[in-house]
There are 2 protein chains.
Amino acid sequence: MIGQTDSIERRSGVSLWRQIADKILQAIASGDFAENAALPPEMALAERYGVNRHTVRSAIAALVQEGVLRAEQGRGTFVLSRKRLSYPIGARTRFSTGLQAQTSERHIVLLASSVEPASQRVAEGLGLARGAAVIRLETRGEADGRPVSRAASWFDANRFAGIDAAMAETGSITASLARFGIDDYLRQSTVLSARHADAADLADLDLQPGAIVLVTVAVNVTPDGQPIQFSESRFPAERVELKLSAL
Amino acid sequence: MIGQTDSIERRSGVSLWRQIADKILQAIASGDFAENAALPPEMALAERYGVNRHTVRSAIAALVQEGVLRAEQGRGTFVLSRKRLSYPIGARTRFSTGLQAQTSERHIVLLASSVEPASQRVAEGLGLARGAAVIRLETRGEADGRPVSRAASWFDANRFAGIDAAMAETGSITASLARFGIDDYLRQSTVLSARHADAADLADLDLQPGAIVLVTVAVNVTPDGQPIQFSESRFPAERVELKLSAL
DNA sequence: TAAATTTGTCTATTGATATAGACAACTATA
DNA sequence: TATAGTTGTCTATATCAATAGACAAATTTA
């Protein structure tokens, strides 16, 4: 169970080249190939997966298109991108903490903000009445120039009026909350699932069709248990793994 | 970001019928359709997703094959399976705890066990020398007759000699560890990722090709921090979500 | 320089995927 | 009973996915 199985599935609704591209991505992400290392020759990969060389070429073409590989005629095919980023999740989850050792640059971009009535699940998460005014922040996390997360966060509009401006200015949820007197907050709950990327994910996270996204739905609370933030985040599974840390 | 996007991707390496099947699965899992509820007519779905009716029929045929839907000529297509199972993960993660409210029946089956030399990562996880003897237990978790997890667990063979027999007898990791004087243990770390199911996953978890699995790699320790169990678990994303609980 | 290795391009063929239209079979309802 | 609405089956066609083979182009190695 340690290594990945090399077999692939025919007549599955997922084309062989896409499956092989997934395998290669996974091998890179799990460190089987170092950065700049040469991939095995196309013929070797074809034999290994039991498919035609042209099928392997389709897989490689997709990854070249994605910027993961670089093919050079006569030399070989080389790995460009690095290992999967390990994203810490725990009681004190914050975006930049814990990513410092792995990346040279990371930040959050505020894409949009709006005030809206709370939907059923947002209201439940924040302990508000359904339809109460909430502020929604749409953000994207980037590390080394690559999108690594895409999130929507909701806050009580009465209590946190102006948090959108604070976020735009500071580029940090933690710093923005500090302006409202929140010096500390905890992750109360996180529900995790996975699915195929939809059109929005493809655009937001710069993914290729067929990619997988991890989805978390979380509630942050003050140390005394008062809900302050409800959020849904999406992570590209090929670039990110979630490391669940104890408190 | 709340509701799923209805658009699908062409030329993605994932066939349209598979993408639509995924969407329907997700809608069911997230509670958009109640159990026994009727799906919209094929023509309505075809229009909604911008594809031919026959393409929708392929998606439905796959889900009927999977046992998720039941089609009745002249009446409609109906939902058979229930919502996604919410699987708790936290410092005191155990299989049955927390699933009691959601399922009427659940248990762990021991599929195989063996003694082997520790691989690099198993040795690291357990704090042993590489190549030290470890016991591996292959297990499957089932709830209401459906596979919901598939795991490999490793234990120090010296300290836990005979845990395979204990597991076979008790059907519980917790109970088996208790025989070795472990009254309490904690989840030290969990690393989470997602990928497409490979051939082994399909067989082990009774999935259809193209399905997604959540993968966790975890270490359990005694209250004083001594590693006792290293495990890799796989969960079918269409049937399970992970609920990360605070300590 | 010559040979071996590797990626790039072309043609051809087969099977799976998707679209299109027509009509049959069955169910519920007016 | 007649009609509308739904799933089931059939034929036909076009495009994508995969296989097969041959050879060109570029690079490395002997």
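## How chain A meets chain B

Between chain A and chain B there are 9 residue pairs in polar contact, counted where both residues are at pLDDT 80 or more; a polar contact is a pair of N or O atoms within 3.5 Å, in which, within protein, one must be able to donate a hydrogen and the other to accept it, while residues adjacent in sequence count only if both atoms are side-chain atoms. This is a predicted model, in which local features need pLDDT of at least 70 and side-chain atom pairs count only at pLDDT 80 or more, whereas totals for chains, interfaces and linings use all residues. Residues are numbered from 1 along each chain as its sequence is written, and side-chain values use heavy atoms, with hydrogens and water left out.

**The side of chain A**

- The elements giving two or more residues to the side of chain A that touches chain B include α1 (16–29), β6 (146–156) and β7 (186–196) of chain A, where helices (H or I, at least four residues) and strands (E, at least two) are DSSP runs numbered from the N terminus.
- β7(A) gives the most to this side, with 9 residues.

**Extent of the interface**

- In total, 46 residues of chain A are in contact with 46 residues of chain B, contact being heavy atoms within 4.5 Å.
- Because 100% of the interface residues of chain A are also interface residues in chain B, the copies meet through the same surface.

**Symmetry**

- Chain A is superposed on chain B by a rotation of 180° with 0.1 Å of shift along its axis (RMSD 0.1 Å), using least squares on the C-alpha atoms of residues with pLDDT of at least 70 in both.
- The two copies are therefore related as by a two-fold rotation axis.

Definitions and conventions:
Chains are lettered from A and ligands numbered from 1 in the order in which they are written.
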